[in-house]
Amino acid sequence: PNIWLEYGQYSVGGIGQKGGLEKVRSVFERALSSVGLHMTKGLAIWEAYREFESAIVEAARLEKVHSLFRRQLAIPLYDMEATFAEYEEWSEDPIPESVIQSYNKALQQLEKYKPHEEALLQAEAPRLAEYQAYIDFEMKIGDPARIQLIFERALVENCLVPDLWIRYSQYLDRQLKVKDLVLSVHSRAVRNCPWTVALWSRYLLAMERHGVEHRVISVTFEKALSAGFIQATDYVEIWQAYLDYLRRRVDFKQGTEVPVFPVRTERFLSVSFAGMGQWPKYLTMGQAM
């Protein structure tokens, strides 16, 4: 949240440039999308955005400020009572009943979230157990934006915990299925925990699922081989994942018998299956090796 706040304040300096106003708004909207739901720190982003819009003395901008107040009051945040009082004082008209209803609903939601926020405030970093409990709570409610936020908050302090990355990526793979978001999280996961073969295997599957070109998947596989896995079985697992991917690329309806594996893969198979006398049939296209 602090970085987004500084970025928003920095972008205000370019408001005099062509398209500056829309750029500032874009930055603040991105900030709200990323951390606007943060119960303890999101308030600062909302206030900075409102102050910016209030400083633009145009009648049309007043409605923008009204909109920001109403959007904020519909979200459970700490100190939202003060925000409501500020809105009452700022607005020349009575607060609409629909806004009051949304505000009261958000207050009720806040009470449900407070035990988890208080647990985080009282615990010491990295607070993994507290974050896991919070994630369980959010998963039951099922709001994708809030689930993503709590995972991101947890990873700030637990970026070297592979199981947390696996759980986060599983949720994105199964529920959101947004290509850029999914692949970005998988990429961050293997960058933070490169020694965990399960993360690399899941990354390859996600890339295949989202139609990433073969060259990019192959490069990612090569990076996995250089990651420094702890056990020899980890290398077998990542090879198996890659070979399965290559097998799925084969069009078995074609009559031609073309090897589907690169030379490096053939060398690996030669060593791995040397004692078997022959390679498993599913690893070929009918051609004796």
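In this predicted model, Glu 213 has a relative accessibility of 45% and therefore counts as partly exposed, whereas Arg 215, at 52%, counts as exposed. The two residues form a salt bridge whose closest N and O atoms are 3.3 Å apart. Salt bridges that share partners also join Glu 22, Arg 25 and Glu 53 into one network, and the count of salt bridges comes to 17.

**Charged pairs**

- Side chains of opposite charge can pair when their charged atoms come close.
- Glu 117 and Arg 153 form a salt bridge in which the closest N and O atoms are 2.9 Å apart. Because Glu 117 lies in helix 6 (residues 97-122) and Arg 153 in helix 8 (residues 144-157), this pair ties together parts that are 36 residues apart in sequence.
- Glu 117 and Arg 153 are both buried, while the salt bridge between Arg 70 and Glu 63, with its closest N and O atoms 3.7 Å apart, joins a partly exposed Arg 70 at 30% relative accessibility to a partly exposed Glu 63 with a relative accessible area of 46%.

**Helix 8**

- Helix 8 consists of 14 residues and reaches 21 Å from its first C-alpha to its last, which is close to the 20 Å expected at 1.5 Å a residue.
- Among the buried residues of helix 8 are Arg 146, Ile 147, Ile 150, Phe 151 and Arg 153, and the buried residues of this helix pack against helix 2 (20-35), helix 6, helix 7 (128-141) and helix 9 (162-176).
- At the start of helix 8, a side-chain oxygen of Asp 143 comes to within 3.1 Å of the backbone nitrogen of Ala 145.

**Aromatic side chains**

- The count of aromatic pairs comes to 15. In one of them, the rings of Tyr 113 and Phe 137 have centres 5.2 Å apart and planes at 90°, so the pair is edge-to-face; it links distant parts of the chain, with Tyr 113 in helix 6 and Phe 137 in helix 7, 24 residues apart.
- Tyr 113 is buried, with a relative accessible area of 5%, and Arg 146 lies over the face of the Tyr 113 ring, at 4.4 Å from the ring centre.
- Phe 229 and Tyr 235 form an edge-to-face aromatic pair, 5.1 Å centre to centre with 65° between the planes; Phe 229 is buried at a relative accessible area of 7%, but Tyr 235 counts as partly exposed at 27% relative accessibility.
- Phe 221, Trp 239, Tyr 242 and Tyr 245 form one aromatic cluster.

Definitions and conventions: Residues are numbered from 1 along each chain as its sequence is written. This is a predicted model: local features need pLDDT of at least 70, side-chain atom pairs count only at pLDDT 80 or more; totals for chains, interfaces and linings use all residues. Side-chain values use heavy atoms; hydrogens and water are left out. A salt bridge is a side-chain nitrogen of Lys or Arg within 4 Å of a carboxyl oxygen of Asp or Glu. Buried means under 20% relative accessible area, exposed over 50%, partly exposed in between (1.4 Å probe, protein chains only). Helices (H or I, at least four residues) and strands (E, at least two) are DSSP runs, numbered from the N terminus. The expected span of a helix is 1.5 Å times one less than its number of residues. Contact means heavy atoms within 4.5 Å. A polar contact is a pair of N or O atoms within 3.5 Å; within protein, one must be able to donate a hydrogen and the other to accept it, and residues adjacent in sequence count only if both atoms are side-chain atoms. Rings of Phe, Tyr and Trp (its six-membered ring) pair if their centres lie within 6.5 Å; planes under 30 degrees apart count as stacked, over 60 as edge-to-face and the rest as tilted. A charge sits over a ring if NZ of Lys or CZ of Arg is within 6 Å of the ring centre and within 35 degrees of the ring normal.
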